[in-house]
Amino acid sequence: MFGKVKEEDVKRYIVMYRGKFSENFYTDRAFKKVEDADEYAKLMKKQEEKDGHEYFLFEQSKHYGNGEEKNG
């Protein structure tokens, strides 16, 4: 439906945030490398310290695309 996605193009590391008193998570940005996601989250925390956002890293551990299941 959307075409094939190359495995190396998948952005597995997703930085999400939520407010300190919220139960909802919001997607901020996705990255190919965990190091890039970590650096981005550090920068956002430094920039938005007073806003009260908490940042989280979610990793896509299973790939369901391209008509085949792939782990890892």
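## Surroundings of Tyr17

Leaving aside neighbours within four places in sequence, Tyr17 is in contact with Asn24, Phe25, Tyr26, Thr27, Asp28, His53, Glu54 and Tyr55. The model is a predicted one. Tyr17 itself belongs to strand β1. Between Tyr17 and Glu54 the C-alpha to C-alpha distance is 5.5 Å, although 37 residues separate them in sequence.

## Strand pairing

Strand β1 covers residues 13–19 and pairs with strand β2, residues 26–31, in the antiparallel sense over five bridges. The two strands, β1 and β2, form a hairpin, with six residues between them. Within this pairing, Tyr13 has Phe31 of β2 as its bridge partner.

β1 also pairs with strand β3, residues 53–59; this pairing is antiparallel too and runs over seven bridges.

## Nonpolar core

The largest nonpolar core consists of eight residues: Tyr13, Val15, Phe31, Ala37, Tyr40, Ala41, Met44 and Tyr55. At least two residues of this core come from each of β1 and α1 (34–47). The largest share, four residues, is supplied by α1. In soluble globular proteins, nonpolar side chains tend to be buried together.

Ala37 is one of the core residues. With neighbours within four places in sequence left aside, the contacts of Ala37 are Tyr13, Val15, Phe31 and Leu57.

## Salt bridges

A search of the whole structure gives two salt bridges. One of them joins Glu54 and Arg18, whose closest N and O atoms are 3.3 Å apart. This pair links distant parts of the chain, with Glu54 in strand β3 and Arg18 in strand β1, 36 residues apart. Glu54 is partly exposed at a relative accessible area of 28%, and Arg18 is partly exposed at 23%.

The side chains of Lys42 and Glu39 also meet in a salt bridge, at 3.8 Å from N to O. Both Lys42 and Glu39 lie in helix α1, where they are three residues apart, about one turn of the helix. Lys42 counts as exposed because its relative accessibility is 53%, and the cut-off for exposed is over 50%. Side chains of opposite charge can pair when their charged atoms come close.

Key
Residues are numbered from 1 along each chain as its sequence is written. This is a predicted model: local features need pLDDT of at least 70, side-chain atom pairs count only at pLDDT 80 or more; totals for chains, interfaces and linings use all residues. Side-chain values use heavy atoms; hydrogens and water are left out. Two strands pair if DSSP finds at least two bridges between them. A nonpolar core is a set of buried Ala, Val, Leu, Ile, Met, Phe, Trp, Tyr and Cys residues joined through side-chain atoms within 4.5 Å. Buried means under 20% relative accessible area, exposed over 50%, partly exposed in between (1.4 Å probe, protein chains only). Contact means heavy atoms within 4.5 Å. A salt bridge is a side-chain nitrogen of Lys or Arg within 4 Å of a carboxyl oxygen of Asp or Glu.
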